[in-house]
Amino acid sequence: MTRKNCTLGEFIIENQDSFQYSSGELSKLINAIRLAAKVVNHEVNKAGLVDILGAAGETNIQGEDQQKLDVLANEKFIQTLTNREIVCGIASEEEDDFISINSNDQQHQNKYIVLIDPLDGSSNIDVNVSVGTIFSIYRRITPVGTPVTLEDFLQPGKNQVAAGYVVYGTSTMLVYTTGDGVNGFTLNPAIGTFYLSHPNMRFPEDGRIYSVNEGNYVHFHQGVKDYIKYCQEEEGDRPYTSRYIGSLVSDFHRNMIKGGIYMYPKSSVTEEGKLRLLYECNPMAFLAEQANGLAIGGKNRILDIQPKELHQRVPFFCGSKNMVLKLQEFLEKYH
Ligand code: AHM
Ligand code: MG
């Protein structure tokens, strides 16, 4: 269903029937994420008032303790998902270990687990630059009715049932996929409702934007250096435009709309890259592939990587199909 202007709530209900054997559990889960997103959005929008309301570690004028926004976002998402008793486990970039959820009336009857990066790019908050929340949903592997184990979380990204992000930008958007294309919803802050504003989002096959932290250039491997030089050469539709916000969700969002490639390569100082496979790369890769784009970690497809640990980092290249394929040619020259 791609009826523009319908609300996210309506969209979730109308699309529930498209899942085979749907029990409504996934719909309830996405509804909970929608709610947590609104709560976090409210907090993010107050960030500039920190001098008035109190900085992290201080007490505000109402006598409440102030928390860092990423800690707060983490708590809000975990609280919302736990209170509604709709998942059996949560893993978060902010937590060392996964959380196993014991439902009150049923012991672990839920079949979904959620992985979240509650506030990605949070170092940008102090300077009023957009940040985001990233989420990823899987069916558990271990039997329903037993406590979740690490195995449930260490699944390759291709097993994802749903994934998405919230971008707290000039407007707040929730963008997600359940494996049937990507749809974007914009929050009307006056009434607190998300509306379908970007149905069926797709990366243009060719793009003209490259996004990478070029300050690390000297540490990059030769294939990436050569590709960056290729982007800067004057030939055909090149040189391309360089745009790097340093906030993955925002860079991805812009590239998906305008056409571009995002790169966080490994380097001589960070052999694994920086971004986390489970909380950042897998959900973004699922979205990218559902939106006509590609996501690779080098030679391999991100979604095929078998994770070894919860906080694993991988190199990440993602965006418009033909740009990623071109980059891959350069990477392969040095293998
Ligand atoms: P974080 O999870 O600590 O916020 O780090 C992830 C962020 C991404 O949003 C962003 O693309 C990248 O780190 C920027 O890193 P750098 O400052 O090294 O370019
Ligand atoms: Mg992050």
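Which residues does glutamate 93 touch, not counting residues up to four places away in sequence? In this predicted model, glutamate 93 touches Ile116, Asp117, Pro118, Arg276, Tyr279, Glu280 and His311, where contact means heavy atoms within 4.5 Å. Glutamate 93 lies in the loop between strand S1 (89-92) and strand S2 (99-100); strands are DSSP runs (E) of at least two residues, numbered from the N terminus. Glutamate 93 counts as buried because its relative accessibility is 19%, buried being under 20% relative accessible area with a 1.4 Å probe and protein chains only.

According to the unreviewed UniProt entry, the annotation "binding site" covers Glu93, Asp117 and Leu119. These residues are spread over 27 residues of sequence, yet they cluster in space, with a largest C-alpha distance of 9.1 Å. Such annotations may be inferred rather than shown by experiment.

Leucine 119 belongs to strand S3 (residues 112-120). At 2% relative accessibility, leucine 119 is likewise buried.

The description now turns to the ligand. Ligand 1 is surrounded by 16 residues, of which Asp120, Tyr244, Leu248, Tyr262 and Tyr264 are the closest; a residue is near the ligand if one of its heavy atoms lies within 4 Å. An oxygen atom of ligand 1 is 2.5 Å from an N or O atom in the side chain of aspartate 120. S3 and strand S11 (260-264) each supply at least two residues of the shell around ligand 1.

Residues are numbered from 1 along each chain as its sequence is written, and chains are lettered from A and ligands numbered from 1 in the order in which they are written. Local features need pLDDT of at least 70, side-chain atom pairs count only at pLDDT 80 or more, and totals for chains, interfaces and linings use all residues, while side-chain values use heavy atoms, with hydrogens and water left out.

Terms used. Helix = DSSP H or I, 4+ residues; strand = E, 2+ residues; numbered from the N terminus. Buried < 20%, exposed > 50% of the residue type's maximum accessible area, 1.4 Å probe, protein only. Polar contact = N/O pair within 3.5 Å; in protein donor to acceptor, adjacent residues only side chain to side chain.
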